[in-house]
Amino acid sequence: MIRVVSAVSLLIMVAFLLSCQTYSTGLQQSMSRTGETTAAASLKTVATAQQTHSVSNGGGYGSFQQLFEGSYLDERFNSRTPQIGDYVFTMEASANSYRINADPVHTGEQAGRHLYLDSSSPLIRVNPTQPATDKDPQMQP
């Protein structure tokens, strides 16, 4: 009888630990999705700033610092590679186009997906493992 009670207690403890692990993994994924949503919104903000800068300056796109200096972006972007939340942003801008990447700072289960946006389309592209490009699938709402 004691062995049965001990075995049942052990099974209950194992089930409890597994449920805690599942909850923890779900929480980590939820947190990375929240950071990803913030990064996607920031990409859209930069795209709007680029369009406004281009119209206001007779064409051409600007760097993060130029967009900040023109008051198109706030101080969070006043860097060559700004970090917003758990994402680092990089951008290449020229007279004719721009490309922006938002890459997670963390790796593994805590990391979000890599995001990409450029001047040719309003679609955000995603890649789960490496910096995204215009060849990756679009982000689904």
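**Figure 1. Salt bridge between K135 and D134.** The side chains of K135 and D134 meet in a salt bridge with an N to O distance of 3.8 Å; the term requires a side-chain nitrogen of Lys or Arg within 4 Å of a carboxyl oxygen of Asp or Glu. K135 is exposed at a relative accessible area of 71%, whereas D134 is partly exposed at 40%. Here buried denotes under 20% relative accessible area, exposed over 50%, and partly exposed the range in between, with a 1.4 Å probe and protein chains only. The model is predicted: local features need pLDDT of at least 70, side-chain atom pairs count only at pLDDT 80 or more, and totals for chains, interfaces and linings use all residues. Residues are numbered from 1 along each chain as its sequence is written, and side-chain values use heavy atoms, with hydrogens and water left out.

Figure 2. The structure holds 4 salt bridges, including the one in which the side chains of E36 and R113 meet at 2.6 Å, N to O. Because E36 belongs to helix α1 and R113 to the loop between β3 and β4, this pair ties together parts that lie 77 residues apart in sequence. Helices (H or I, at least four residues) and strands (E, at least two) are DSSP runs, numbered from the N terminus. E36 is buried, with a relative accessible area of 3%, while R113 is partly exposed at 22%. A further salt bridge joins D74 to R76, with the closest N and O atoms 3.0 Å apart.

**Figure 3. Aromatic cluster of F64, F77 and F89.** These three residues, F64, F77 and F89, form one aromatic cluster. Rings of Phe, Tyr and Trp (its six-membered ring) pair if their centres lie within 6.5 Å; planes under 30 degrees apart count as stacked, over 60 as edge-to-face and the rest as tilted. By this rule the structure contains 3 aromatic pairs. One of them, F64 with F77, is stacked, at 6.2 Å centre to centre and 25 degrees between the planes. F64 is part of helix α2 and F77 of the loop between α2 and β1 (83-84), so the contact ties together parts 13 residues apart in sequence. F64 and F77 are both buried. F77 also pairs with F89 in an edge-to-face arrangement, at 6.4 Å centre to centre and 70 degrees between the planes. This second pair links distant parts of the chain, from F77 in the loop between α2 and β1 to F89 in strand β2, 12 residues apart. The relative accessibility of F77 is 1%, which counts as buried; F89 is buried at 0%.

**Figure 4. The largest nonpolar core.** A nonpolar core is a set of buried Ala, Val, Leu, Ile, Met, Phe, Trp, Tyr and Cys residues joined through side-chain atoms within 4.5 Å. The largest such core has 22 residues, of which L43, V46, F64, F89, I100 and L115 touch the most other members. Two or more residues come from each of α1 (2-56), α2 (64-69), β2 (87-93), β3 (98-104), β4 (114-118) and β5 (121-127). Helix α1 contributes the most to this core, with 6 residues. In soluble globular proteins, nonpolar side chains tend to be buried together.

Figure 5. An open sheet of 5 strands runs in the order β1-β2-β3-β4-β5 with antiparallel pairing. β1 and β5 stand at the edges with a single partner strand each, so one side of each has no neighbour in the sheet. Two strands are taken to pair if DSSP finds at least two bridges between them. β1 and β2 pair in the antiparallel sense over 2 bridges, and I84 stands opposite Y87 in β2. The hairpin of β1 and β2 has 2 residues between the strands, and G85 in this hairpin takes a positive phi near 60 degrees. β2 and β3 are antiparallel as well, paired over 7 bridges, and they form a hairpin with 4 residues between them. The bridge partner of F89 in β3 is A102.
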